[in-house]
Every structure is written in structure tokens, then in C-alpha cells.
Amino acid sequence: MSSPHAAQRPVRLVVTDDLARRRSTVLFRLVLALPHLVWVTLYGIAALTLVFVVWLAVLFERRAPRTPHTFLASYVRYTVHLTAYLTLAASPYPSFTGSTEYPVDVEIDAPARQGRLAAGFRLLLALPALLLSSTLGGSAALGGWSGVALLSGTGGLAVAVAVLGWVASLVRGRMPRGMRDAATYAIGYGAETAAYALLLTDRYPLATPGRVEPEPELPLHPVAIGVRDDLGRPRLLVAFRFLLVIPHLLWLTLWAAAALLAAIVAWVVALVLGRVPRFLHRFLAAFVRATTHVWAFLYVVGRPFPGFVGREGSYPIDLTIAPPARQRRLGVLARLVLVLPAFVLSSAYSGVLLVVGVMGWIAALATGRMPVGLRDLGAAALRYQAQVFAYLFLLTSRYPDSSPVLRGRSPEPPPLSPLPAEVVP
Amino acid sequence: MRPSVAARAGVYAVLAAGWVVAAWLLAGSVVPDDLSLPHVDVDATFGSGLVSRAERYERFLYVDWVLAQAAALGILWLYARRGTRFIRESAAGPIGTGMFLGMVGLAIVWLTQLPFSVAALWWDRRHGVSEVGYFEAIFGGWLALGGTFVAVCVALLVVMALARWLGSWWWIPGAGVFAVIAALLVFVSPYLTEGLDPVKDPRLERTYQRFEKEQGVDGIPLRIQKVSGDTSEANAYAFGMGPSSRIVLWDTLLDGRFSNREVDVVLAHELGHHSSNHIPEALGWFALLALPGALVLMLATRRRGGMGEPAAVPLALLVSAIFSLVVMPGQNLVSRRMEAEADWKALQTTHDPAAARGLFEEFSTTSLGDPSPPTWAYLMLQTHPTLAQRVAMANAWQKRNRR
């Protein structure tokens, strides 16, 4: 079943993974992948040599020859399989050709006509996508870029997911769904970027999360984000965005001090009563919401100047936070420890958000509009950070959902227990 | 006359009377009232070549300033008419939106002033007065611009909150609150200023301590600020209040172009500002100007619902800019009186009019200041007496003290 949004694209991500992971292969995953790491380097050299031929062909014929196109498409597919294996987004050992089916796979259309001008400057045009892709860290085809991003500390969402997912898979024998979806998103965007850079398509990569076949799952979470934004960005407000947000930053600094005190009080009360008092919940929820509004404005994810009080419904990129509910005391007691993995992932999302902000700032300054993909990715990153702080501040006992999917299907209800067999006398 | 109108008129009368009395109290000076400044032949004193070069230099800056003011007023007029469109770009409440509109207005004005700032910098660099790079001039001041944004926000927060609470009477406490904020900023600014080093020259330190005793002040730290990488101009200033009082000399004053006696005159002059309480006096004048300023703002924005409404903010920016221009000659007059008083105190302390003359003549060379600017520029731009007037005061002091 393909989502209509994904079907229109020439490069489509298909995920049929069932989340089950065999512990023995998880434990030795990196060692097992060593032959692939050697092979992908050789494969990459061949692909890079060939892409020069394809570049000349597209410049003259406006279309890539079928055989080199197929070779490069196989290379991209192979890197997708390998990256999925390395980041634990899939379980089976991948083939070395990229031609067999895999639980995390891409479909790439046959060669189509391409514009000469865009093909001529392809590498230059691909730079923003390469930068974002390296921050997401989801493509072995862009290994060098990912390495730069990791070394500079700006990126590696997929790498953070891989490390955390490795621990989780070892313990539970299953990859958490949210982490798998974060990894597959990074892989999908990396594949689109590689396909664009390697002249397999002239469609620019789209950063909107959740364009996967079949439609991804989006479980209900007590902290949800709503996006009611028209993408228009007045250039004057974009140019001076950082200065305009200074009063908010000062205000949030003061508020954060009060919120920290309130969170400590809430923690003590929740340990005793098993729930956070309503007024503290409201105060902390307003703080988390106001922070989300301000970050959305700063990173060009939201359009208007935000308010100062974090009122629900007051901003186009808005948080809905469920009312207080009972929480298990043990979970409350260990909250500071439990939140640590989420903080690791949150810092990776912060790197993504920074790149979204910088690229969005340049794009909005030039065109007066925020690219939809960047806006959606920014909203997903903001949601994760809000969920982390909501969890830390005891606004919810639900662990943050690391999936970047913004729109998806509700999870299927658990299967009913079989009815007792009818007793036949 | 209705009672409310009578009450209003009564309040205005009391405030006006209080204003006049306060201004009279603040206007005092130690410079003798009967002091008449002798004529100074500018060409003979400063050299005709230097005078014509300084005039040419200043003329460009005057034109640049006039054009910059015209552009600022023009853009603010446009913003006052159309700026309310930006209200839909705010998801904040009325006060937050007002702050937002204030910052947007400031951003627009900054953008329009940029070409004039760059032109002035080009002219300064051409004449060797400044060594600041263009990139640094445009992008190096973001922190200061951010500070201005915050200041505008605080001002609008105070005004709008008071206006929403007190209606059309906000301007009376508003002026008081502004004065308090200004005093607070004056007090804390020495603690926030970085890059001020202690004096390492024992002679300078000894002289400074002697001057402190002579002027009856004690324990005001003397600091050196390194600016020699940015400009060749020489300057010094006194700032802070009470325990935060400081005197700062630019290192360009100590690079050998000025003699020790000339530097002593500068020290005595800056100490004169503190010993004459010029900084609290300046705050007093600020408070006196804030009162009519707030009144004008209140009256001008009534048709837009008053200062409690964000729609009034773009108009308030225009009114504030015009008010600042209108009162500028008065502010400069007060400033010149204070500077003249500090000059007089420096002469009384150093007893060295020759050094004072040498200092002012050297200023003309290093800063290319026009010793005798046109009257309009004198009224609108000169915060200090002209160099010719300062030389004349040194001559007058010498004549009066028969030295």
C-alpha cells in the first residue's frame, strides 16, 4: 500500500521490517558488516567513475543511459540496505549487489528527461541536501559527509539511533519502532540525496518525514504537535529573526529557573501522591509550549512572532499536552536516569534543528517561503524535544517517541484473545 | 470649566512649575557668569591648512547626517502609516505585539541607516580617522544592536503596561520609571564594560591622586581602554555613578602624540565631571525631558487608541524620533555647559592654560574637528564647546588669573 505523497516521487522508500532482531547478530553487527564496508568503498569508486559518464550523457542527451543508470541505482539500493543493517533499521544480512529485496529498500524510477542547466550544476545544487543528509547521517553513499558531520558534532541522527537501538535490541530482542522510523527516515532522505547527486533523478530531495510505503505508524502520544503554517515568511522578519527573539530568550531564561524549581516540587509531590498537581502541570506545560513556540520562530519553522505565555492554540506550530494522569512512583523516582537516552537522541535532533534553521533562514530570505520539507522536519525535531522535556518535567509518563513521522496511521489494536472453544456435549 | 478639565489643568500647571524650578536648579555652573570669551583667530591658532581640511572633512559628515536623518524620518513616516500590517505577523498579546512592532521599526531604521554609516566610515578611513573594517562595522555591532532591541522592548513594556493600567495618565509615572531605568543603566554600565585595564604609569597615577584631592573626590578608579586598533582619535570619558564611578582614557591619548601636561588636563577635565556631579545632573535633565516627551507621545497616539494598543507603536516611534530631533539643541546646550564647566575645573586644577591650548590644537589634528563649525551644526550636533571656544576659555582663564 503506497501513500499517495510517496508514490509521486521517483525515489521511494519501502519498509517491511517487523522490528524483530536476533540478539547474536546485533551483538556482532559492526564486525559482521566489515566485508560490506570494504565492498561499499570499491563499489563507490566504480559508481563515482561512472557518474562522470552519466553527467556528460545528461548534458548532451538530457537523459541517463539505461545501463549506467541501473548500475548507479543498484549502488544506491545497496547503500540503503547496508545503512539499514548498520543502524539496526533492518535485521537480515544484506546482499552485496543491492539487487535483491530487503526490509528497508528503495524503488528508483527508470531514467527520465532532465534539465541540462540543473544537471550541469548538480553538485553545487546538491550541497544543501548533502549538508542535511550528513546531519541525519543516514547514507553510506555519503560516508565522507557523515564523517565530517560527526566529527564537527553537528549530526548523526542515524548514528545516535544505531547506538541506542543496539542497546535496546540486545536487551529486548526488538528494535523500538520510533528509533527504526527515525533511522529509515534518515536512510530515505540519504537515498534521495544520493540519487539526486548521482543524476538518477532531477527531483530535489524532500525532507518531509514519513514518506514511506506502506504508510508509517503514528501512535497517540500525550504530547503532540500541530502544524497550521502557510510556509510564507516575510523577509524582513527572517533577516532579523535572531534579534527579534532576544526578549523571548531573556524571558525564557527567567522562566526556566522557576520551571526547574516547579519540576523539583512536582517530583516530590508525584513521589508521594502518584500524580502531579494540576496547577504545577499547567505551569510546566505552558513553559514547554512557550519554549517550543520560541524555538519554532527562531529556526524559521513557525512564521509569526510568538507570545510570551505559552498559551495553547496561540501559535501555528503548537503543542497539545494531555492533562495530568497517574504515574508509577518507581518511574518518577528514576526519571532523571531514564531520560538520559532520550537526551542523547534529543541532542542529535538539536543538530538537525540547527541545520534546518540555517538552511531555512537562507531559503526564506531568498524566496520569502520556508521549504515544506525543512518546516516538517523542524516540527518533528521540536516535537521530540518537547516530549523529552515533558517526560523530564513529569508532564507525562510516556517515553518520548523518537519517530519523526508527523502524519501516519493509528496503530492496529492488539489482537483479541481467542474465544474459548465451544463445548459440545 | 468642568471639574475634570480643571483638575487636569491644575496638574499640568503644577508639573510645569516644578519643571521650571528643577531646570533652574540644574542649570547652575562654576564658570563665572561674567566670563567673556576673547576672540580666537582660528586660522592663526590651528593653521589655515588644517582648518580648511577639517572643514572639508566635517562638511561631508554634516551632509551624511542630514541625509541619514531625512531617511530615518521618511522611513518612520512610512512605517507609522503602514507598520500596523505587521500586527498579523505576531501571535503575542497586545504588549508582546507592541514590543514586536517596536523591534521591527528599529530593524527598518537600522537598515536605512546602514548606507550612511558605511559612507561615514569610508570618509573616516579616507582621512585616517578610523581603522575599522567595513565588515566589522556592519556585522560587528550585532551585540549592541541586540542591546538596543532589548532596551526598546523594556521601554515599550513599561509604557504599554502603564498605559493599559492608567489610561491617559500613564505619562507621569512613565517618565519617572524611565528616569529610574536610566539611572540604573548608568549605574551598572561600568560593571558591564569590558576591556578596561588599570593604569600602569606611576606618574599618571600620582597626578591623578593629586587631582582627586584638589577636586574633593576620592577613590574613583582610573582605567585605560585599548582602541588603538580601531581608531587614531584620542578621547576620554567619565561614567558611572556613586560606587560605580569610573574615568577612562583611550590608549590613543597615551601614544606619545600628547605631552604629559596635556594628558593631565584631560584627567582634570574628566574628574571635573564627577566632582561637579554632571552624571546625576544629566539624569535629572533626562527626567525633565522624559516628562514632556511622554506627554507628547500620549497626545500623539490618542487617535490610535493610546499607547496601550500595539497599533500606536509605529506612530510612537516616529513621534519619538521627531521629539529627539526637536530637543537635540537643548540637550546639546546642557551638555556644552557641563563640558565648559569641566574645562574650567581642569584649568583651576592644573593652572596650565598653555597645556590646555596645546591639547585642543592637537585634537583638531587627530580628530579633524572643525574648530569653528556652522551655527546649525553647532546647535544640532556639538555636545562640546567648539575647539575655538575651548582655546578662548583657556585664554580667558589666563587673563583672569594673570599668568
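Among contacts in chain B between residues at least 6 apart in sequence, 77% join residues at least 24 apart, two residues being in contact if their C-beta atoms, placed from the backbone, lie within 7 Å. The model is predicted, so that local features need pLDDT of at least 70 and side-chain atom pairs count only at pLDDT 80 or more, while totals for chains, interfaces and linings use all residues. Residues are numbered from 1 along each chain as its sequence is written, and chains are lettered from A and ligands numbered from 1 in the order in which they are written.

In chain B there are 14 helices and four strands, where helices (H or I, at least four residues) and strands (E, at least two) are DSSP runs numbered from the N terminus. The C-alpha trace of chain B spans about 65 × 50 × 40 Å along its principal axes. A compact globule of 403 residues would have a radius of gyration near 22 Å, and the 23 Å of chain B agrees with this; the radius is taken over C-alpha atoms, and the globule rule is 2.2 Å times the number of residues to the power 0.38. Of the 403 residues of chain B, 33% count as buried, a residue being buried if 20 or more other C-beta atoms lie within 10 Å of its own, exposed if 12 or fewer, and partly exposed in between.

The four strands of chain B form an open sheet in the order β1-β2-β4-β3, with mixed pairing; two strands pair if DSSP finds at least two bridges between them. The edge strands, each of which pairs on one side only, are β1 (196-198) and β3 (236-239) of chain B. Strands β1(B) and β2 (residues 222-225) of chain B run antiparallel and are joined by three bridges, and B:D197 has B:I224 as its bridge partner in β2(B). Helix α9 (residues 260-275) of chain B lies across β3 and β4 (246-250) of chain B and runs at about 20° to β3(B), where axes are lines fitted to C-alpha atoms, for helices over the stretch in contact, and angles run from 0 to 180 degrees between N-to-C directions.

B:S130 is placed in the loop between α4 and α5 (134-139) of chain B, and this residue counts as partly exposed because 18 C-beta neighbours lie inside 10 Å. Leaving aside neighbours within four places in sequence, B:S130 is in contact with B:L121, B:D124, B:R125, B:D230 and B:T231.

Chain A has 18 helices and five strands. The radius of gyration of chain A is 23 Å, close to the 22 Å that the globule rule gives for 425 residues, so chain A is as compact as a globular protein of that length. Buried residues make up 49% of the 425 residues in chain A.

The largest nonpolar core has 160 residues, and those with the most contacts inside it are A:V76 and A:V288; a nonpolar core is a set of buried Ala, Val, Leu, Ile, Met, Phe, Trp, Tyr and Cys residues joined through C-beta atoms within 7 Å. Helix α18 (residues 372-392) of chain A gives the largest share of this core, 13 residues. A second, separate core of 43 residues includes B:A54, B:L249, B:A392 and B:W397.

Where the two chains meet, 16 residues from chain B and 16 residues from chain A take part in the contact. On the side of chain B that touches chain A, α4(B) gives the most, with six residues.
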